[in-house]
Amino acid sequence: MNQAMNNDVLVDAQGLTRRYGLIQAVSGLDLQLRNGEILGLLGPNGAGKSTTLRMLAGCLAPSEGRVIIRGHDMARAPSRAKHHLGYLPERPPLYPEQTVREYLAFCARLHRIPRGEQAAAVASAMTDCGLTDMGNRLITHCSKGYQQRVGIAQAILHRPDVVILDEPTAGLDPNQIREIRALIRRLGESHSVILSSHILPEIQATCARVAIIHGGQLVFDRPMPEIDGDDQARTLRLGLRRPPGSDIIAAVPGVARVEVTEDGLWQLTCAPGADPREALARQAARDDWGLFELSQPRRTLEDIFTELTSADRAAPRQAA
Amino acid sequence: MTSIWLIARQELARLFVSPLAWTMLAVVQLLLGLLFAMSLADLMLNPQRLGDYNGVTEVVGGGLFRFATIILLLVIPLLTMRLFAEERKAGTLDLLLASPVTLTGLVLGKFAGIQAFLTLMLALTALMPLSLSLGTQLDLGMLAAGLFGLWLMMAAFAAAGLFISSLTREPTVAAVATFGLLLGIWLLHAVSFFDWQPAILGMTLPLGDLARQLSLIGHYDNLLYGIFDTADVAYYLIFCGLFLALTVQRLDMERH
């Protein structure tokens, strides 16, 4: 296997397919995670996010396809592959009758941290997750937010290359969500993170790359900056008090098509690569069109998400 | 090996922070103590009965151990029900499955943890007949064979319970099913007394013999009399091995 590729691509999932009886929960999914990347996995409820993450974490064997973590095949060398992984399932896997420190010490041994380094690893994970004062508290007495942090601490304890977090902010209050997000961003500086959610602002706030799963298939996979800059100046909204005929507007250089929207505004489609905003403003002022709005509606992640996952575009689930 | 030790240690630690383990030790100890006291009292009132047995070790020790197996039959399903069913229900099984610990290590670790707890229970039980050595001569060989047999019986119960626990996510279901399975294998012994040998295709099926060989108690009797037969020990070892292997298989199937 190509060594140079291994160094960069930490997680390589190829053609992942998972069937539960006749239902195909995930089909033919390819996903790659590079070093130092925070990847957000979006999808409506039941899209196959958790199934995908469970397969990546080795808790579930794919029906077809394979998962390679740092060059180790999950099916052939599971122990070595899992060595590089930290996983927080949808529900944090905690033993309520243990204290935070006892639990993390167990996890440290579970991940084979050498005996002499265990205490230091537990202490540093607790610091990272803001748990320093909670060490002797029973997990059952911790609030939901703190339990979630203990779950994250468990996932980063052994400083794995890849951290998989399944809905890390589910069920938290807004303050806790902000704290966990900040924590995830900090994690992204030294680990590669895969994070799933069905909450869009969450992904927007934390992730450098977005993948959307729908009906068990990957329907979108792009870096975040591309989404922000997507469709730049392709459509414009124009509001005029005294509009001229549509052919006059269409004659402005760079305007490809003109439509009237339901709310009485004009929607202009720009010619590829052209930005006619300046020319429009100039002509509106000169000819006294009564310009009161000239805006460029951005195509947000939400628009993309809605477009890709709305019912009419739903990919039918195939029976196996 | 380290992972077996690690899982066993965690299992024991979690047992002893829960009231279940302590209650169980207390109740078992109380019941066995009562029986022990009753059999001593019985012996004091009717000392002539000793003549029917091979000394006091067989009367008191044998009786106590036989009663202990019945209590264990009721108690062990409650101990083993948590092993996998509870972990699955609480979602902590994912923690173990996503860790570098192998399935075999996980199953053997759980088994070792529960067996360590049962060994403690056995040690406490052993103290009762051993206390008689203050006043009389005991047949220590017979006592040791009985205790070893009880230890094997515990291991067999625990292995079966571990397997059943890996089948479900409801601890109570696991407890009931384990109890049913153990009692079923137990009761096979009763079948061995049937004087009924059905003939199939002209061959006589040794039903009674077969039932005696498969039943859990049949193999314990020899050990209680101080007879150490490799076949009996092998029975328990095979029984444990079978159920432990089935558990590993079952957990592997669950991932696929």
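In chain A, strand S11 (residues 235–240) and S14(A) run antiparallel and are joined by four bridges. Within this pair, A:Gly239 stands opposite A:Glu293, a residue of S14(A). Strands of a sheet pair through backbone hydrogen bonds, in either a parallel or an antiparallel way.

The two strands belong to an open sheet of four strands in chain A, with the order S12-S13-S11-S14 and antiparallel pairing. At the edges are strand S12 (255–260) and strand S14 (291–295) of chain A, each of which pairs on one side only. From one strand to the next, the twist averages 20 degrees. Helix H11 (residues 277–287) of chain A lies across S11 and S14 of chain A. The direction of H11 is at about 175 degrees to that of S14(A).

The coordinates are those of a predicted model, with scores of ipTM 0.85 and pTM 0.83. For chain B the mean pLDDT is 88, and 98% of the residues of chain B reach 70 or more. Where pLDDT is low, predicted coordinates should not be read in detail.

The next topic is the interface. Here 17 residues of chain B are in contact with 21 residues of chain A. On the chain B side, the elements that give two or more residues are helix H1 (2–17) and helix H5 (93–97) of chain B. The largest share, four residues, comes from H1(B). By residue class, the side of chain B that touches chain A divides into seven nonpolar, seven polar and three charged residues.

In soluble globular proteins, nonpolar side chains tend to be buried together. The largest nonpolar core of this model has 136 residues. Which of these residues touch the most other members? They are A:Leu104, A:Ala153 and A:Ile164 from chain A, with B:Ala156, B:Ala158 and B:Ala159 from chain B. Helix H7 (residues 140–167) of chain B gives the most to this core, namely 17 residues.

Leaving aside residues up to four places away in sequence, A:Leu104 touches A:Val122, A:Ala125, A:Met126, A:Ala153, A:Gln154 and A:Leu157. One of these, A:Ala153, is also among the residues that touch the most other members of the core.

Definitions and conventions: Residues numbered from 1 in each chain as written. Chains lettered and ligands numbered in written order. Predicted model: local features only at pLDDT ≥ 70, side-chain atom pairs only at ≥ 80, totals over all residues. pLDDT = per-residue confidence, 0-100. Contact = placed C-beta atoms within 7 Å. Nonpolar A, V, L, I, M, F, W, Y, C, P; charged D, E, K, R; others polar. Pairing = 2+ DSSP bridges. Axes fitted to C-alpha atoms, helices over the stretch in contact; angles between N-to-C directions. Core = buried A, V, L, I, M, F, W, Y, C linked by C-beta atoms within 7 Å. Buried ≥ 20, exposed ≤ 12 C-beta atoms within 10 Å, placed from the backbone.
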